[in-house]
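Please open the structure in your viewer and keep the selection tool at hand.

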Amino acid sequence: MSGALVELAHVSKTFTRGGLFAARRVQAVADVNLRLAADKPIILAITGESGSGKSTLARMILNIVEPSAGAILFRGRNLRSIRSSAARGAFMRQVQPIFQNPFEAFNPLKRLDRYLYITARRFAGVADMATAEQRSNEALHRVGLSLGEIKERFPHELSGGQLQRFAIARALLSNPALIVADEPVSMVDASLRMSIATLFRSLRSELRISTIYITHDLATAYYVSDEIIIMQKGGIVESGATRTVLSAPRHPYSRQLKDAVLSLRRPPGPDSEDSS
């Protein structure tokens, strides 16, 4: 397991639903294996319909939910061993989340710049306000914003697209190795989805940050990701290089997902094959 940034070995998760006399066991994730190399930053899309287990998988990688079976390792360390506040803080510095609804991710009564300063102090070791503001402004510029636009403002004063870009900037402050983005563009206007997806590609190529990109949107997955995992009923039914899998899917469920999308053509770009 050496050389892996993240490795999942036979990971499963079972939840118990219902009351005391009508309890039933639901397997959300079943025997999942995956590996992200530490020396090759990529964007891995995990896709499937609602209920396929992809969000539960994301929460386990973030160490929010513990697997029922199997092991999840980050840089060779089993997440089950991360118990102390110091160990959890060290893990959170390296693995940052981006959630589906940015308006639910932030306290509506808390000014946004406070989130940046707290993150800079807690996870980036910044001690003074001047440095915290400088680091915050640098991170915001990376996503097309500025501290001047954010300072003293509350979440509801930004658009959904601005707030999701703010969430990405906050995640960048700790200089993470991995971002786990759970449906990061599903609450954003269609006109802004590709611009936010493009941010993850720039983080990979310019900052060498890997991203696990959870989505039900196959077209966005095709555009943004290097590799893809397709999940159905908690298990992986197909995986591989995104273009290979989506150009000629082998599993019936993968073909069904593709057939639901009218066009799967990646726009030409600096790291697109069409630009050559």
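Two residues are in contact when they have heavy atoms within 4.5 Å of each other. Helices (H or I, at least four residues) and strands (E, at least two) are DSSP runs, numbered from the N terminus. The model is predicted, so local features need pLDDT of at least 70 and side-chain atom pairs count only at pLDDT 80 or more, while totals for chains, interfaces and linings use all residues. Residues are numbered from 1 along each chain as its sequence is written, and side-chain values use heavy atoms, with hydrogens and water left out.

**First stop: α7 and α8**

Select α7 (160-172) and helix α8 (residues 190-207). Two packed helices are described by the angle between their axes and the distance between the axes. Axes are lines fitted to C-alpha atoms, for helices over the stretch in contact, and angles run from 0 to 180 degrees between N-to-C directions. The axes of α7 and α8 cross at roughly 15° and come within 10 Å. The two helices are therefore roughly parallel to each other; angles under 35 degrees count as roughly parallel, over 145 as roughly antiparallel, 65 to 115 as roughly perpendicular and the rest as oblique.

Now show side chains. On α7, select Gly161, Gln164, Arg165, Ile168 and Leu172; they meet Leu192, Ile196, Leu199, Phe200, Leu203 and Leu207 in α8. This contact has eight nonpolar, two polar and one charged residues. In this scheme Ala, Val, Leu, Ile, Met, Phe, Trp, Tyr, Cys and Pro count as nonpolar, Asp, Glu, Lys and Arg as charged, and the others, Gly among them, as polar.

**Second stop: α5 against α7**

Which residues of α5 and α7 meet? Ala139, Leu140 and Arg142 in α5 meet Phe166, Ala169 and Leu172 in α7. By class, five of these residues are nonpolar, none is polar and one is charged.

From α4, Arg114, Leu116, Tyr117 and Ala120 meet Met129, Ala132, Glu133, Ser136 and Leu140 in α5. Six of the residues in this contact are nonpolar, one is polar and two are charged.

On a 1 Å grid over the protein atoms alone, a pocket is an open set of points with protein on both sides within 12 Å along at least five of seven lines, whereas a cavity is a set where a 1.4 Å probe fits but cannot get out; lining residues have an atom within 4 Å of a point. Grid points are joined across faces, edges and corners, and a volume is the space filled by probe spheres set on the points.

The largest pocket holds about 500 Å³ of space. Of its 24 lining residues, Met92, Gln96, Pro97, Phe99 and Arg170 are the closest to its centre. The largest share of the lining, five residues, comes from α4. By class, the lining has 16 nonpolar, four polar and four charged residues.

**Last stop: the largest cavity**

Finally, select Asn63, Glu66, Pro67, Gly70, Ala71, Ile72, Asn78, Leu79 and Arg80, which line the largest cavity. Its volume is about 40 Å³. Strand β4 (residues 69-74) gives the most to this lining, with three residues.
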